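Keep the structure open while you read.

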Amino acid sequence: MKNKKYKKILILGSGALQIGQAGEFDYSGSQAIKALKEEGIRTILVNPNIATIQTSRLLADIVYFLPVTDYFVEQIIKKEKPDGILLSFGGQTALNCGISLTKKGILEKYHVAILGTPISAIMLTEDRQAFANHLATIHIPTPLSEAATSIEKAKKIAKKLGFPVMVRSGFSLGGQGSGIAKNMEELMSIVTHAFSFVPQVLVEQYLHHYKEIEYEVVRDKDDNCITVCNMENMDPLGIHTGESVVIAPSQTLTNTEYHQLRAASIKIVRSLGIVGECNVQFALNPKGNFTLNASPLTLDYFVIEVNARLSRSSALASKATGYPLAYVAAKLALGYALPKLRNSVTKVTSACFEPSLDYIVVKLPRWDMEKFKGAELRIGSSMKSVGEAMGIGRTFGEAYQKAIRMYDLTYTGAVDDTPTFTKTELHDALKYPTSKRMWAIAAALRQGITIPTLHHLTGIDPWFLSRIKNIVKEEETLRAHPHLLTSKLRHMKELGFSDRRIGMLTNQTGIAVRNIRKELGILPSVFQIDTLAAEFPAKTNYLYMTYNGNHHDVAPTGKNGVIVLGSGPYRIGSSVEFDWTSVSTVMALKKYKKKSIVINCNPETVSTDYDISDRLYFEEMSFERITDIYEFEHPEGIILSVGGQTPNNRAQALFHFGVKLLGTSAENIDIAEDRSKFSALCDTLKILQPAWESVSSLSAAEDFAKRVGYPVLIRPSYVLSGSAMNVCGNKEDLEKFLKEATIVSRQHPVTISRFYEQAKELEFDAVAQKGDIKAYVISEHIENAGVHSGDATVVLPTQEVSKTTKEKMSRAAGKIAKALHITGPFNIQFLAKNNEVLVIEVNVRASRTFPFISKVTGVNLMDLFVQCLFEKTVQPVSANKMKSHPELVSGSQIPDPTFVAVKVPQFSFSRLKGADPTPHVEMASTGEVACFGDTVEEAYLKGYLAVGGHIPEKGVFISLSGDEKKEKFLKSVKQLAKKNLPFFATQHTYDFLSQAGISLTKVYKIYDNKTPNVLTLIQEGKVDLVINIVDRNLPKSMKDSFAIRRGAIDANVSLFTKIKNARLFIDAITKYSLTDLAIKSWEEYE
Amino acid sequence: MKQKKAYLVFKDGQTFEGFSWGYQKGIAGEVVFSTGMVGYPEAFTDPSFEGQILVSTYPLIGSYGVPEKKLWESDRVHIAGLVVSNYIDTPSHYQSTMTLGAWLTKQKVPAVEIKDTRFLTQYLRDNGSQLGKIVIEGDKNIDFHDPNTNNLVARVSPKSLFVSSPQAETLSTKLKTILMIDCGAKRNMQRCLLKRGVRVITAPWDYDPFKRDGIPFDGLIISNGPGDPKMATATITTIKKALENKTPTLGVCLGNQLMALAAGGDTYKLKFGHRGQNQPCILMGSKNCYITTQNHGFAVGEIPPGFREWFVNANDNTNEGIIHTKYPFMAAQFHPEANPGPVDTEWIFDYFLERV
């Protein structure tokens, strides 16, 4: 049956990854596009997130890298005239945009049908009060609550309900602006913050330590309704499900609880008329309160949230069960009936069924809060995590301990010797959960704190605590009697202990334990995830490993197989871009008839979709598990250069174990990663690099700084996204930061190097074969050096780079590629100053700019990489690709695009209370977008709007520090003055600007405690742009400056802290108004 | 305490090794698997499992302990033995009165922790339900035994009549009486009827409600129950009379098979049966598909004359219910009373009662 009704469908994506809305929507959007394409429908996608798979050539027919806002989407509708639109595959961003388009009558005007769930239902679920009223009519309980649109009203309601109360905000993602208020003061703070984002909050009865349970429900137009998965949060109510350890299926629910909640979720979904997917979250009283007589059963439960769209939980449920939720939801939106769809895993059974699991799944959120200076570490009712990992096992221990190692490979499992807690720290960590809570629980159990006490403090069900205690107990017995008897070793493996951990407990290496284990024949089994617990044979390629088994479901792939290591959980510095590089590599392998075997553990990814690779191991990316898989599969080799730094870090261990690495050799990867070796190489090759030294004492660092002069940059070796990197302007800074860096990594010395101010930073991305560069692209940072490359605004083609500089770069890169005999992707970061280029860093792997440059230039560098692996001699890219550029025939430089593309970072500072929202050498952005234009200004403005920015219409607050910066920025201020917006500034900036002839209003500093000041201006809506240029050399005592930035972020007001960005933005808004921005698709730019 | 080793041995010699828990004495029976992930107290007390050694495909069991007796589905455990990958001995639930291990010991039901229950399931799926036995280390050997050669229905059916009345609040104006031939019914069948305001008379499997001095009633329900339907000859005779008398009759599970046999249809043994809570059933002539609880090893093969298929399994197209084209005779192969499992088909009781 083919769909006949729709020919052209518009799909809204979710934009940049941000906290609360991450890679899961690349998964859902991609599946939706696939489902539509099968029907012969033309798909138009609006998504500025260039790092996604959905915006690849292989998926949508037409892609617009434009902001997902009603203005832009209306223009696209006007132009493309689609007959339908999908709103539920792009998270809250797409949903909000769809609601706005509906309210403005745009969809009606252009006759665009909303497919799937009716918009009225979506709007109902988004209006908390109306939704609570609706649920009351179908006798579904919600917590006592009332909606407030003002602070006064919120206070009144709280008084009525009594503290503590839960504040929830409607129309927001990831519970932003939500929180638990124990008193009036806390209420004020939460509500004030919430109202800067949303018009309405709900003040509700707080259900202390209730269980939180979720159902993923699917319904078709014929009213067939199934629940694909239920999940139980290990953490009690009050901790956002995105911040909770989540287990599927539920563990502590009886049949009555499970099925009464299931029935309630179905009742809700039916009452709303959902067509597609819906997530329902419940609070359940753990102490119970129900009677079982002849009368209906009554559970003590409440509905706490309903998401009438694909969500993070549905992505998790999809990966947890193998049921392709987003794909099915898209088919249902087209009008298919559930019983008519096949289960795409078994191929023989119906899609109208509920998966039965013969394993359990544990999801762990991935936090990166240490990366944000000053950020509050506590977790709660709004999201702070940036990614997630999912462990699969057949005991709780196996799944849970896997998940912890997936979370971060530095941890060995549920019990770890770090972090350590003092007695008070431990008590606090238990009572007020932080990202360290898993280890706090284990530490508490080791210290003999009882389960009832722990339960009382944490609200975690004793079931989970008992399971963790079981793990702790196993460790303690081994520690006491460190003998690896067969039965003991087997039992520990069944409970998910790693070889490394067992080694630590028995004073030997992990490898030694591995050898003993193999000798004893204790090996993991390869099991399929088949959606129905082996009831029917399934040909699924979705696999995991377990020690709770003794057979394999599949036979080894053998020589034709190629293992591709994915990215692991998304975190700061490693995100969806590495999923794109992984998936693109897998796709390219097909062309060479290689069987791809993906290893990844991140449920938000497309690479873990059931139909991407020939085999998917949803597994740990530890040395132990990779070698387990390698030894089982006997593949041709492993690709570890496409999943970011995590797989790259495995290179040495895998090589020494005897694994065949496809691409650059491990020795050469080591030379690139080891600073001393690399530096020696640069010296030999006569390539310049900033002066540096490896120091392990403060005095050595000071000596170095004295020699080369301040500022200096310090960082530990093997960095990921600049952990503990800092620029030190003086001796005091150096002392302070060096302490931080050494805490991060005690065993590694710290690298100190000269820091160049006002230098340009450039990216050189390339693919080489046996040392010969086959293709390269140079892109340019807008910001000066000092902003982490992941946080930088990147422009392609370069705007202000001379030909000489480029030539020097490519010459240096050529030498490095040759010396390291590189085969595969690599990236070099250069510093350019005074016509000299210096190498800052080389990564012998795909970098985060690969999807951006591949898509902008039209040359898929991952394709080229695979070609370099399996073809004898690959021609330089311009020879076969760019016939229109004869001058480049023999060259490897990819010709510049005829348009300008700008990659703009997405920050999530508004979610991280207390964090200083200014980019620096440590990466802090959570995602990115890229937009195109005829000029850099046009592309930048689109990009800035796509990450949530606004064009100012009300007023501008300017704060400039440092005389030099003031002078440099004056021209831009004068330019901005032409927009006739009122300007505001405090004393110093006011004096400077008014002397320069600019008319503006003087306001007080925040700490003067007088009005007006910048915060009152923002609150009164008089300012919608804050320019706060910070001088690095000024002392850090600028409380006011921090308060200005934080105030802008907390009020959702545009903020610029870097002079070059601010200048570009002013150029852009003075040159372009919204309506000037071209509505052109990717195809039209090419 | 060191756990004893235990083995699950099949007639073809295939042996699975594991550890013993529960009652420490071997037993023989028919080995079947169930894919339900929740509701073990309900499932284990389902009389339809009489004589069967149950393999749970879901690897964890025991997590919420065992509730008090009134929450069970009958007054004892009916499975002959249990095989699971990972027994949880630290239950957590406010309703729990004891651990699952303690309960099984009390109820004299042996259990084995065998790690690779997935392989075991694949074995049963490929070879069909098999005769097997649990052998415990140091215990004397026992013979294989096919429970289906016994009249299992007679073993689990009540010995006398029992009347229960609905609570006053649910009383309808005209009190209907339903006579339920209890071939091994779960208690929730009665609960489902009582909450609909009817009086329920529970009767033994061989009770003849049409005998001269029989107790008056308005409709007849033939419950679920264990084993081969062809052994329950007395019940088949009763249904024949009901059909002749045009007495409104509802069959559930075994009741479906018995109604087919009584009306001239036929039944057969499925390779490995349907046991779980996720079986999709299509209501014939509609667009509706329901997720149902199932627990049966036999099925209706030949639809009897005058009847049509009421439900069909969306996975394997086996019969899931029959309904008469003219008279109020109907039967479902799945369990509308659930417990364990989804409650989506409870409407069948309403549908039936509207026709009584």
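Start with two helices: Leu426(A), Ala429(A) and Leu430(A) in H13(A) meet Arg437(A), Ala440(A), Ala443(A) and Ala444(A) in H14(A). Here "in contact" means that the C-beta atoms of two residues, placed from the backbone, lie within 7 Å. Helices (H or I, at least four residues) and strands (E, at least two) are DSSP runs, numbered from the N terminus.

This is a predicted model, in which local features need pLDDT of at least 70 and side-chain atom pairs count only at pLDDT 80 or more, while totals for chains, interfaces and linings use all residues. Residues are numbered from 1 along each chain as its sequence is written, and chains are lettered from A and ligands numbered from 1 in the order in which they are written.

**Helices that cross in chain A**

- The contact of H13(A) with H14(A) has 6 nonpolar, no polar and 1 charged residues. For these classes, Ala, Val, Leu, Ile, Met, Phe, Trp, Tyr, Cys and Pro count as nonpolar, Asp, Glu, Lys and Arg as charged, and the others, Gly among them, as polar.
- H13 (residues 423-431) of chain A and H14(A) have axes that come within 9 Å and cross at roughly 125°. Axes are lines fitted to C-alpha atoms, for helices over the stretch in contact, and angles run from 0 to 180 degrees between N-to-C directions.
- H13(A) and H14(A) are therefore oblique to each other. The cut-offs go like this: angles under 35 degrees count as roughly parallel, over 145 as roughly antiparallel, 65 to 115 as roughly perpendicular and the rest as oblique.
- The crossing of H13(A) and H14(A) is left-handed. That word applies if the near helix is turned anticlockwise from the far one by less than a right angle, and right-handed applies if clockwise.
- Next up, H14 (residues 437-446) and H16 (residues 462-480) of chain A: their axes come within 10 Å and cross at roughly 65°.
- H14(A) and H16(A) are therefore roughly perpendicular to each other, and their crossing is right-handed.
- On the H14(A) side, Ile441(A), Ala442(A), Leu445(A) and Arg446(A) make the contact, and H16(A) brings Leu465(A), Ile468(A), Lys469(A) and Val472(A). By class, these residues split into 6 nonpolar, no polar and 2 charged.

**Two sheets in chain A**

- Strands of a sheet pair through backbone hydrogen bonds, either parallel or antiparallel. Two strands count as paired if DSSP finds at least two bridges between them.
- One open sheet of chain A has 7 strands in the order S14-S13-S10-S11-S12-S15-S16, with antiparallel pairing.
- Its edge strands are S14 (301-307) and S16 (387-393) of chain A, and each pairs on one side only. On average, neighbouring strands of this sheet are turned by 25° against each other, direction ignored.
- Within it, S11 (residues 225-233) and S12 (residues 246-248) of chain A pair in the antiparallel sense over 2 bridges. Asn233(A) stands opposite Val246(A) in S12(A).
- Helix H12 (residues 396-407) of chain A lies across S15 (360-366) and S16 of chain A, running at about 150° to S16(A).
- Another open sheet has 6 strands in the order S17-S18-S21-S20-S19-S22 (chain A), and its pairing is mixed.
- S17 (525-528) and S22 (637-639) of chain A are at the edges with a single partner strand each, so one side of each is left without a neighbour in the sheet.
- S18 (residues 542-546) and S21 (residues 615-618) of chain A run parallel, joined by 2 bridges. Tyr542(A) has Leu616(A) in S21(A) as its bridge partner.

**Domains and chains**

- Domain bounds come from an automatic or database domain assignment, which divides chain B into domain 1 (5-149) and domain 2 (153-354).
- The centres of domain 1 and domain 2 of chain B, taken over C-alpha atoms, are separated by 27 Å. Their contact takes 24 residues from domain 1 of chain B and 24 residues from domain 2 of chain B.
- Between the chains, 49 residues of chain A are in contact with 48 residues of chain B. H9(A) provides the largest share of the chain A side, 5 residues.
- By class, that side of chain A has 22 nonpolar, 18 polar and 9 charged residues.
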